[in-house]
Amino acid sequence: MKSVLIIDDEPQIRKILRITLESNSFKVTEAENGNDGIVLAASHKPHLIILDLGLPDQDGTSVLKNI
């Protein structure tokens with residue numbers, strides 16, 4: 001099963017993406033900030049990351065560089 005990590009601070013966006021992806025047989029992991037996203041990316045090794053560029057703790061570009 002393919003896995004997706006969603007890094008977004010908006011719960012509604014994460015929910016819509018999770019429902020859509022899970023209904024298409026993806027395993028979904030979620031993070032609500034950049035720091036948690038970096039940790040989850042390292043520990044879960046997702047096939048795909050959906051990353052919000054405007055996170056509250058750091059911008060998405062910094063998260064991308066750290067991943």
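Leaving aside neighbours within four places in sequence, which residues is Ser 3 in contact with? In this predicted model, numbered from 1 along each chain as its sequence is written, local features need pLDDT of at least 70 and side-chain atom pairs count only at pLDDT 80 or more, while totals for chains, interfaces and linings use all residues. Side-chain values use heavy atoms, with hydrogens and water left out.

Ser 3 is in contact (heavy atoms within 4.5 Å) with Lys 27, Lys 45, Pro 46, His 47 and Leu 48. Ser 3 belongs to strand E1, residues 3–7; strands (E, at least two residues) and helices (H or I, at least four) are DSSP runs numbered from the N terminus. With a relative accessible area of 13%, Ser 3 is buried (buried is under 20%, exposed over 50%, partly exposed in between, with a 1.4 Å probe and protein chains only).

Turning to helix H2 (residues 34–44), the buried positions are Gly 34, Gly 37, Leu 40 and Ala 41. These residues lie on the same side of H2, because they cover an arc of only 120° around the axis, taken from the directions from the helix axis to the C-beta atoms. They pack against E1, strand E2 (27–31), strand E3 (48–51) and helix H3 (60–66). After H2 comes Lys 45, with a positive phi near 50°.

Salt bridges (a side-chain nitrogen of Lys or Arg within 4 Å of a carboxyl oxygen of Asp or Glu) number 2. Glu 30 pairs with Arg 14 at 3.1 Å, N to O, and with Arg 18 at 2.7 Å between the closest N and O atoms. Arg 14 is buried at 10%, whereas Glu 30 is partly exposed at 29%.
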